[in-house]
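Look at the sequence and the fold first, then read the points below.

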Amino acid sequence: MIPVDVTAAFQRGLGMVLGLVLIAGCGNDPNPRPLRKTRPDGSPWLVMYSGMPEEPRSLDPQVAYDQMSRRILEPVVETLLEYHPFKTAPYEVVPALLSEIPRRELQADGSVTYLCKLKPGISYVDDPCFPGGKGRELVAADVHYAFQRICDPKVGCPVFGNLAEYIRGMSQLYERAKKNGDQLDYSEKLSGLEVIDSHTFKLHLLKPYPQIIYWLALHFTAPVAREAVEYYDGKPHTDGPGGRERIRPKFAWHPVGTGPFVLHEYRPGHLIRLARNERYQTTVFPEEGWAPEKESLLRPFAGRNLPLVDEVLFTMFREELPVVLLSRQGYLDEMRVGKDAFNSFVTPSLKLDQKYASRGMSLEKNVELSTFYMSLDMQDPVLGPNLKLRQALSCAHDTQAGIDIFRNGVPPVAQQLIAPGIFGFQPGFRNPYGFNLEKARQLMVEAGYPGGRDPKTGRPLELTMDVNATGAQERQVAEFNQRQFQQLGIQVKIVENTFARMLEKEDQGNFQIASGTGWGADYPDPENFFFLFYGKNFPPEGKNISRYRNPEFDRLFEQMATMENSPERLEIVQKMNAILVEDCPVILEMNKAFYVVVQPFSPRVQNNTLLEGGLKYAWIDHPLREQKRREWNPVPLWPLGVGVALMMGAVFYSVRWNRRLDV
Amino acid sequence: MFNYLIRRLLYAIPILLGVMLISFVLSFVVQSPESRARMQLGQRATPKSVAAWLHQRGLDKPRFLNTAKDAPLLDSQFFNHLGKLVTFELGVSDVSGRDLKEVFREGALPSLLITLPAFLGGLALAISLALYQVFVRHSLADSLGSILAVALMSVPAMVYIIFGQAVIALAFNYFPAFGFDLSGWSTAKFILLPVALMAVMGLGGDVRLFRAIFLEEIAQDYVRTAQAKGVSNARLLFVHVLKNGMIALITLIVAQLPLLVMGSLLVENFFGIPGLGNTLVLAIRQGDHATVFASVYLGAILYLMGLILTDICYALVDPRIRLS
């Protein structure tokens, strides 16, 4: 007989359960502890909890290009100019590190100079890279150094080519560095950026380029402290704790800036923590510009020092399920509605599901500054010379149906190349070659292919469509597109490609129809979209994948590209738009868009998609968040009771069984 | 024993070479270096910038043998890569540029914090339940236990994770549904749920196996002799049957021990544990081949270590086995 002490077993079981309860009593809050609980004045330390689906690729201002990197970098490294958080139709640039928008001076030789003045008294954050660890004042030489870095082949700035075309001396500096084994001589001045005094510099352009203002609002041109680049070299140094050797991080992972936040902690694959830059005073909350319905929310912040929150914690979520769970529990302050979570949050009428709406959550739609389309090869002997055939293909494509099936009906159908909010976008414009099957069939007759058949051979016209087939959905989209064109009686063969092969074909012009092409705007100017169809911008160096060439379009592009926004420029942009939709070098599809679920305690202060550094305007209603978290996270005790009962049952059963054994 | 060890270590070399060759070849099948460059450089990538990216990483060299004039024959991508791994120069991440030794050092502790307790806890639970079933063998509880074990085996791992997150973390709010914070005892709240789920995931199969092993033991002559001598049920199970049954279990247990360092791909990813499993998943997604290669290489070494350790343990616990 096994000497079973039931009382002791019960006590042990209960002890275990109580232990679990105690640990559970620590709470289900998944967020790491904040840096502080209260501010020096005793008010709550405000932490914003956010998520990121991907890792940033670089936090070097002259290198970072992807959205995730910008999201972290721009709050840390302030730009010379920045986008107004509320003025998005059209977008407006306002001073940040500069005291005013640079003035343009047209020179006699056709070149252009911009006089730029830095605001006085702006300091870098305290960092060991500075003498005594104390951040020094920002000076014009830091801007010059940043522009030198753009020309440094070793830095590998992705927009060097764009800027070098306009800024004096950049190409020469780059070429000299290339000849010198990729070593840039930083003692050599860049003639295009003339430092006048400690806070003033001139930017010399070879020719008029109004879009330079937008480049000054991008982090590529943000000033950099040379000390930081030299200090954070990724090499071992004997300055670790106790004089031990330690590898300093690379500058690409340790940005040192003048922005509203400091990169306090970065644990790759896990979290990124930004903390308030206590010395930040470059900008304040705008006094105007918001939508009337946000007046009561935003008026109290007008003129207040930034940032409004003290800490921002980004957690890396590579799956959507945890994002949904944590948002439901109130532990995430914002949630982008992904494909998997769409049906549980959004109703078929594109409203927030009642169970979330009743919690005070709301749904906001964001349209990205991007346009996606199918590219048609204008040098293809079938498609290139046959305008009516291209128009027919465009008319045959039911883009809205594709969006409804594959994208839950969220993105708007692109009626024009320019994305909404950009100068020249015409809200009421309808693509004359949008979906219209009857018109498409008529155009096929005019194209010389009645019923989709080639009269010479009597057989259906055959076209190939290259797709980047990386998964099941891409294949389904390709088959959907194939069916659209086959309604005209033509045969479309799908060619599936890997990502690299697809890019290779686009570069070589080795396709007839290339699916899934498009462009995300770098800055809100029509030039940034129309350059995709400029005749001198063919691949591989350029991005005119369709190899579209229209002398009138090119002439207008060259004229429009150097003009300031004006009624004359608007007229030219509209003409170019009309030429493009008429010529159909692409089949327009959509402007990418997504929904965001907004928590009741974390209203979206701004939703400017160009302003990745807009975290300084974010705000959290801390007491409401605490209250909601308590309401949304009750801890039931009955499951523990059931667990204890089951364990006890098993013990009693074994005791009884043991008594029956005759050994 | 010493000769045997040397022989086993020598056998490991061609296996490691094979692993590296296969992973190297597969990496090109999955994604070409040009494609990786394009992904990293973004939409403005030009042929020049792609070429520069490849050159910086030595990916513009021939794949296996450098037949260019005046170039060393082995100055190729594969042999350069091989040379670095053999000397444990793991290099830096393709994406973040971080020292991979540091990456692995940082990731090992979070991984071990979930895999080790899950392994030991799961093992203890499986042995206990198997012994319980053996104790109540041929009863209703035994049959129910077997059905439950088969059911546990049949459930995919993802279902456990979704159940854990949606029911235990979300509906009952006992533990965080996601996250990790290495901060003393409060770390426990982050690891308890993943540990429990991992332990339960492997429980069904283990209980079935251990029950079979213990049942085989309990039918041995020495057990009957012990029973005849009046040994108690408890002593019979926990001393005689368990001890002798453990010899068969050693192979299963020891081989897994070194691999615990590598963490769990699925659980770490879904619970946001910044361990080595998560690192590997992230590296695969980002096309960070340097990290993937290093992970596969370390995984292969640890696996081989596990096999060698198993052989040694066999010899230590079973006097009938001699390694010669």
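**Chain B in outline**

In chain B, residues 24 or more positions apart account for 65% of the contacts with a separation of 6 or more. Two residues are in contact if their C-beta atoms, placed from the backbone, lie within 7 Å. The model is predicted: local features need pLDDT of at least 70, side-chain atom pairs count only at pLDDT 80 or more, and totals for chains, interfaces and linings use all residues. Residues are numbered from 1 along each chain as its sequence is written, while chains are lettered from A and ligands numbered from 1 in the order in which they are written.

- Chain B has 14 helices and 0 strands. Helices (H or I, at least four residues) and strands (E, at least two) are DSSP runs, numbered from the N terminus.
- The C-alpha trace of chain B spans about 85 × 55 × 35 Å along its principal axes.
- Of the 324 residues in chain B, 36% are buried. A residue is buried if 20 or more other C-beta atoms lie within 10 Å of its own, exposed if 12 or fewer, and partly exposed in between; these C-beta atoms too are placed from the backbone.

**Where the chains meet**

- Chain A puts 56 residues in contact with 54 residues of chain B.
- On the chain A side, α1, β12, α9, α16 and α21 each supply at least two residues.
- The largest share of that side, 6 residues, comes from α9(A).
- By class, the chain A side has 31 nonpolar, 14 polar and 11 charged residues. Ala, Val, Leu, Ile, Met, Phe, Trp, Tyr, Cys and Pro count as nonpolar, Asp, Glu, Lys and Arg as charged, and the others, Gly among them, as polar.

**Nonpolar cores**

- The largest nonpolar core has 208 residues. Such a core is a set of buried Ala, Val, Leu, Ile, Met, Phe, Trp, Tyr and Cys residues joined through C-beta atoms within 7 Å.
- Ile150(A), Met170(A), Ala392(A) and Ala130(B) touch the most other members.
- Helix α5 of chain B (residues 100-135) gives the largest share of this core, 12 residues.
- Another core, of 16 residues, lies apart from it and includes Leu90(B) and Val296(B).

**A helix pair in chain A**

- α18(A) passes α19(A) in a left-handed crossing. Left-handed means that the near helix is turned anticlockwise from the far one by less than a right angle; right-handed means clockwise.
- The contact of α18(A) with α19(A) has 9 nonpolar, 1 polar and 3 charged residues.
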